[in-house]
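I opened this entry to keep track of what I looked up.

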Amino acid sequence: MMLHIPQVLTLDQVKQIRLKLEASDWVDGRQTAGEQGAQVKCNRQLDENSVVGHEIGQTILSSLAKHPLFVSAALPHRYVMPLFNRYEGGGHYGFHVDGSIRSMPGSNLHLRTDLSCTLFLCEPEEYEGGELIVSDTYGEHEVKLPAGDMILYPSNSLHKIEPVTRGARVCSFFWVQSMVPDDGKRTMLYELDQNIQRLRQQIGDTAEVLSLTGHYHNLLRQWALV
Ligand code: NI
């Protein structure tokens, strides 16, 4: 399931983050790509060990932890610290699949990449091109969102970034290991949760709503790997 998560950051937060990013050092983006990815990748990234990057990353992760739509859809278990990329002057990233396992810096832990996240830090009119194209069994989906908004999509999908032909596209990107690895099961839990929440608003905590809530948690208990 692909999902648009609106307003992860306020416009004021985006403004502060962009000022900090503009004052930071950027490196060749091929440093974090695998062998196949490096051949089709042409962009710049903030150094993975950047202190400023970690600070901003924490801001993003704490906003997400409080975002009910994100929590319902991702059922997050672990996060990779957000990274930052910049595409300009024809910069692009051809079709690739994100690596399945990432090591977590400073620990022995690894993370299985279930969900990929792209958080937009520029407004769409600030640059030409730069669409994120995600290809799945339903075809190709083009994504270009307002600053502060995020797209969540399964990490097993092929995706690419179109060349940026005017201005610059700055985004944060990172991966989530979900408590529920299977995208189909996670999507069913998300739809059930969203409908229970709507029902609660419409009719309150009736015995039926309570029973459905129990059903949701019992399914999650069966499917969650934590
Ligand atoms: Ni990617």
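**Metal site**

I looked up the nickel ion and found its protein donors to be H96 (NE2), D98 (OD) and H159 (NE2), lying 2.1 to 2.2 Å from the ion. The model I am reading is a predicted one. Along the chain, the donors of the nickel ion follow the spacing H-x1-D-x60-H. Are D98 and H159 buried or exposed? I checked, and both D98 and H159 are buried.

**The sheet**

Next I went through the strands. I found an open sheet of five strands, in the order β3-β7-β15-β12-β13, with antiparallel pairing. The edges are held by β3 (41-42) and β13; each has a single partner strand, so one side of each is left without a neighbour in the sheet.

I followed the pairings from β7 onward. Two bridges pair β7 with β15 in the antiparallel sense. Which residue in β15 is the bridge partner of H96? I noted H159 as that partner, and both H96 and H159 are also on the list of nickel donors.

On to β12 (residues 132-136). I counted four bridges in its antiparallel pairing with β15 (residues 158-161). Here H159 turns up again, standing opposite V134. Strand β12 also runs antiparallel to β13 (residues 139-143), and five bridges join the two. I noted L132 opposite V143 in that pairing. With two residues between them, β12 and β13 form a hairpin.

**Helix α6**

Last, I looked at helix α6 (residues 207-223). I read off 17 residues and a reach of 25 Å from the first C-alpha to the last, close to the 24 Å expected at 1.5 Å a residue. Which residues of α6 are buried? I listed V209, Y216, L220 and W223. They cover an arc of only 75° around the axis, which puts them on the same side of α6.

I then asked what the buried residues of α6 pack against. The partner is α5 (183-203). On the face of α6 turned away from its buried side I found the exposed residues A207, L210, S211, R221 and Q222.

Note on methods: Residues numbered from 1 in each chain as written. Predicted model: local features only at pLDDT ≥ 70, side-chain atom pairs only at ≥ 80, totals over all residues. Heavy atoms only, no water. Pairing = 2+ DSSP bridges. Donors = N, O, S within 2.8 Å, 3.2 Å for Na, K, Ca; no water. Buried < 20%, exposed > 50% of the residue type's maximum accessible area, 1.4 Å probe, protein only. Expected span 1.5 Å × (residues − 1). Arc of directions from axis to C-beta. Contact = heavy atoms within 4.5 Å.
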